Amino acid sequence: MIHDVDTHIETNPGIVESLMLAPGVRKIPRERRRRRLPKSDTRGWKGIFWRLQFDSQYLRTVVQSAFALLCLWIGVEFYLFVRWGLSGNNSAIVSRPPGVEGFLPISALMSLKYWLQTGIINNIHPSGLFIFCALLLISFLMKKAFCSWMCPIGTLSESLWMLGERIFGRNRRLPQWLDYPLRTLKYLILAFFAYVTETMDVGGLRAFIDSPYNRMADVKMYLFFANISFFAVWTILVLVVLSVAIKNFWCRYLCPYGGLLGLISVLSPLKVTRQTSTCIDCELCSKACPSGINVHSVKRVWSDECTACYMCIEVCPVKNTLEIKAAKDLKPIPSWVFGSLLAGVFVGVIGLAMLTGNWHNSISHEEYQKRFKELNAPAYEHFGARGH
Ligand code: SF4
Ligand code: SF4
């Protein structure tokens, strides 16, 4: 192999240190060098539009920030709703934001099974069902993109490992003998929920959906965090510390939602694809991959851990060598098209829920008032509660 470090530095100055680590690097032909924005054009609207179009990580940060702000907005609205409910109707009525149901995935899983078996979209958490379906569809079409482009926990997780990298210079990667078994944990948790759902017949599903527990599950979740226990605080702190030290600790090892999306994403036609004839074996893609995938050693990335984050593609110094595409001979999907498709599918499914009258639930303000008063009753206390 020919070593040609100067060419790399000229086209991609930020990779010098990584190239020092690379054992062998081939020369990049001039026509394959990646396009960089001239320094004079990096400011103002022109620079912003250029980045949105050509800098996948800039675009991803914009999308992540937009979803984080959306979640924050939902959180504030929900806080005001709960405050109204707990006030005993002594403050101005605040409507519940339906988007909060996106944080009730187990209820959504049961709603999905109920819908598939009966054709009925439940009227207790209908928006949760549509958000769940939107994420399943996204994973089927576009890998586990929800995790790296939209999920607020994924965004927090990424910020934490980046913080760790800044403080300590790098993140730890667990040895394979520990990494593999730990990665199965999220699938075991997922299998448990899938088993519970599978064992319920239509009557059982309807009883759960209509139960006081499920009707107030979003409020119970809010109160769990508002009155958080000492044990829960410590658990979260341990997870934060682990997430600073180890890339995506929660997502990689413990999140059953991510596990489900990962399993579906294996079916996705879009995959990171490597052109072996132009690859210079610099291994920068593998070093950049936050999911620890050896991108440089495969032609197509089939891994259930790939989140279509475009990080490997962004660092690849050779144009048209690493791309996301449906098949080797098909056109690649640029990051701005990918991001637009992602937002389009999500907004499209939510819009469908709104247009078909399946966005708001059927629980009246009067019923909420009554249930807020009896929140401490046994019927609201556990997963299997049935009574009305
Ligand atoms: S393979 Fe590439 S797109 Fe997939 S997770 Fe790794 S860096 Fe991101
Ligand atoms: S595909 Fe990976 S190994 Fe090949 S040139 Fe691109 S970054 Fe280097």
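Mentor: First the rule: a disulfide is a pair of cysteine sulfur atoms within 2.5 Å. Keep in mind that this is a predicted model.

Trainee: Fine. How many disulfides does the count come to by this rule?

Mentor: The count is 0 disulfides.

Trainee: What about C71, which cysteine sulfur is closest to its own?

Mentor: That is the sulfur of C151, at 7.9 Å, so the two are too far apart for a bond.

Trainee: And how far is the sulfur of C255 from the closest cysteine sulfur?

Mentor: The distance is 6.2 Å, to the sulfur of C251, again too far for a bond.

Trainee: Is C255 buried or exposed?

Mentor: C255 counts as buried because its relative accessibility is 15%, and the cut-off for buried is under 20%.

Trainee: Changing topic: helix packing. At what angle do α4 and α18 pack?

Mentor: Helix α4, residues 56-86, packs with helix α18, residues 335-355, at about 20 degrees, and their axes lie 9 Å apart. That angle makes α4 roughly parallel to α18, since angles under 35 degrees count that way.

Trainee: Which residues meet there?

Mentor: From α4 they are S56, L59 and F67; from α18 they are S335, W336, G339 and F346. By type, the contact has 4 nonpolar residues, 3 polar ones and no charged ones.

Trainee: Is the crossing left-handed or right-handed?

Mentor: α4 passes α18 in a right-handed crossing.

Trainee: What else packs against α4? I was looking at α12.

Mentor: The buried residues of α12 pack against α4, and also against α11 (212-215) and α19 (365-373).

Trainee: Which residues of α12 are buried?

Mentor: In α12, which covers residues 217-226, they are A217, D218 and V219.

Trainee: Now backbone angles. What is phi of N248?

Mentor: Near 50 degrees, which is a positive value in a residue other than glycine. Most residues other than glycine have a negative phi.

Trainee: Where is N248?

Mentor: N248 sits in the loop between α13 (230-245) and α14 (249-254). With a relative accessibility of 14%, N248 counts as buried.

Trainee: Which loop holds D281?

Mentor: The loop between β1 (271-274) and α16 (284-288). D281 counts as partly exposed, because its relative accessibility is 24%.

How values were computed:
Residues numbered from 1 in each chain as written. Chains lettered and ligands numbered in written order. Predicted model: local features only at pLDDT ≥ 70, side-chain atom pairs only at ≥ 80, totals over all residues. Heavy atoms only, no water. Axes fitted to C-alpha atoms, helices over the stretch in contact; angles between N-to-C directions. Helix = DSSP H or I, 4+ residues; strand = E, 2+ residues; numbered from the N terminus. Parallel < 35°, antiparallel > 145°, perpendicular 65-115°, else oblique. Left-handed = near helix turned anticlockwise from the far one by under 90°. Contact = heavy atoms within 4.5 Å. Nonpolar A, V, L, I, M, F, W, Y, C, P; charged D, E, K, R; others polar. Buried < 20%, exposed > 50% of the residue type's maximum accessible area, 1.4 Å probe, protein only.
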